[in-house]
Amino acid sequence: MELTVLGGSAAAPNGGDASAGYLIRSGETAILLDCGSGVVSQLRARFEPRGLTAVVISHLHSDHTLDLIALRYTLKYAPPGHGAPIPLHLPPGGADFADRLGAVFAVGDEAGKEFWGDVLTPTEYGPQLDADAPLAIGALTLRFAPMHHYIPVWAIRIEDHVSGRVLTYSADTGPASTLADFAAGSDLLLCEATLLEQAPGSDPAHWGHLTAAQAGEIATIAGVKHLVLTHLWAELGFDHYLAAARATFAGPIDTARAGLTLTVE
């Protein structure tokens, strides 16, 4: 299993980067995990989008979904033309979200037609929220767990049938979550670490993001082998993120920026 970071920025893309987007590959299986601002440009520089097996979205915030529009237009109009529709797996409520998003951009001769259907097939992964009913996509099996954020969000645990390796993606979450249990034993934890410190005097019950040190603590408790910090602000300094996480996690750590490619091992 291979991870390629297409974007590791927080709510707005850092210069030269994109918001949340990750390409997960195992053999012929290729999953685009989240699709924030700028992700499609980074994807097209590295991989033919029509080769995607599926697209999976962790939650409906704009920095994880905005480039679904760019992806749709790429699949539909970029030469040599589109092939079979690609499954678009959305969280509960995602089908209505996709309908409303498509309605905004359906103009001219597209107006009144189904916006997504000939290139992307939106569906909700609600049934797969049962731990006994994972989502199978090619060589990969995906399991979901709710995290603690400002809107409903799901972390995603990806198991590779070929190598037996496990990658867990935190999505966006604060520390009041079950992420450590969900990620237990993962070979790689792709973990949000938006902050260097929580707001002084704020209520921990309301924290919707992690600090880099908290991400390191979770990785240590979960016993993961490799930690990749993501959802980062360049203004806070990547070296500062690394230093904070290294104070709480002894294993290898990387910061997620477009182009980083890692073999999960």
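This is a predicted model: local features need pLDDT of at least 70, side-chain atom pairs count only at pLDDT 80 or more; totals for chains, interfaces and linings use all residues.
1. Of its 5 residues, 5 are buried, so β11 is largely enclosed by the rest of the structure. Cover comes on both faces of β11. L188, L190 and E192 are buried on one side. L189 and C191 are buried on the other. Note that E192 is among the buried residues.

2. Next, the neighbours of β11. Strand β10 (residues 166-169) runs parallel to β11, and 3 bridges join the two. Within this pairing, L167 stands opposite L188 of β11. Strand β12 also runs parallel to β11, joined to it by 5 bridges. Here C191 has L229 of β12 as its bridge partner.

3. β10, β11 and β12 belong to an open sheet of 7 strands, in the order β7-β8-β9-β10-β11-β12-β13. Pairing in this sheet is mixed. Its edges are β7 (135-137) and β13 (253-255), each of which pairs on one side only. From one strand to the next, the twist averages 20°.

4. Strand β7 runs antiparallel to β8 (residues 140-146), and 3 bridges join them. L135 has L142 in β8 as its bridge partner. Contrast the parallel bridges that join β11 to β12.

5. Helices on the sheet. Helix α5 (residues 212-222) lies across β11 (188-192) and β12 (226-230). Its direction makes an angle of about 155° with β12. Helix α6 (residues 238-246) lies across β12 and β13. The angle between α6 and β13 is about 155°.

6. Which residues of α6 are buried? They are F238, Y241, L242, A244 and A245. Seen down the axis of α6, these fall within an arc of 165°, so they line one face of the helix. The face turned away from that side carries the exposed residues D239, H240 and R246. Cover for the buried residues of α6 includes α5, β12 and β13. Two of these, β12 and β13, are the strands that α6 lies across.

7. Helix α3 (residues 94-105) passes a simple length check. At 1.5 Å a residue, its 12 residues should span 16 Å. The end C-alpha atoms are 17 Å apart, which agrees.

8. Helix α3 also has a buried side. G94, F97, A98, L101 and G102 are buried. Down the axis of α3, the buried residues fall within an arc of 125°, so they line one face of the helix. The spacing makes sense: an α-helix has 3.6 residues a turn, so residues three or four places apart point the same way. On the other side of α3, D99 and A103 are exposed. The buried residues of α3 pack against α2 (68-77), β5 (86-90) and β6 (120-124).

9. Cysteines. How many disulfides does the structure hold? The count is 0. C35 has 0% relative accessibility; buried means under 20%, so C35 counts as buried. C191 likewise has a relative accessible area of 0% and is buried.

Definitions and conventions
Residues are numbered from 1 along each chain as its sequence is written. Side-chain values use heavy atoms; hydrogens and water are left out. Two strands pair if DSSP finds at least two bridges between them. Helices (H or I, at least four residues) and strands (E, at least two) are DSSP runs, numbered from the N terminus. Axes are lines fitted to C-alpha atoms, for helices over the stretch in contact, and angles run from 0 to 180 degrees between N-to-C directions. Contact means heavy atoms within 4.5 Å. A disulfide is a pair of cysteine sulfur atoms within 2.5 Å. Buried means under 20% relative accessible area, exposed over 50%, partly exposed in between (1.4 Å probe, protein chains only). The expected span of a helix is 1.5 Å times one less than its number of residues. The arc is that of the directions from the helix axis to the C-beta atoms.
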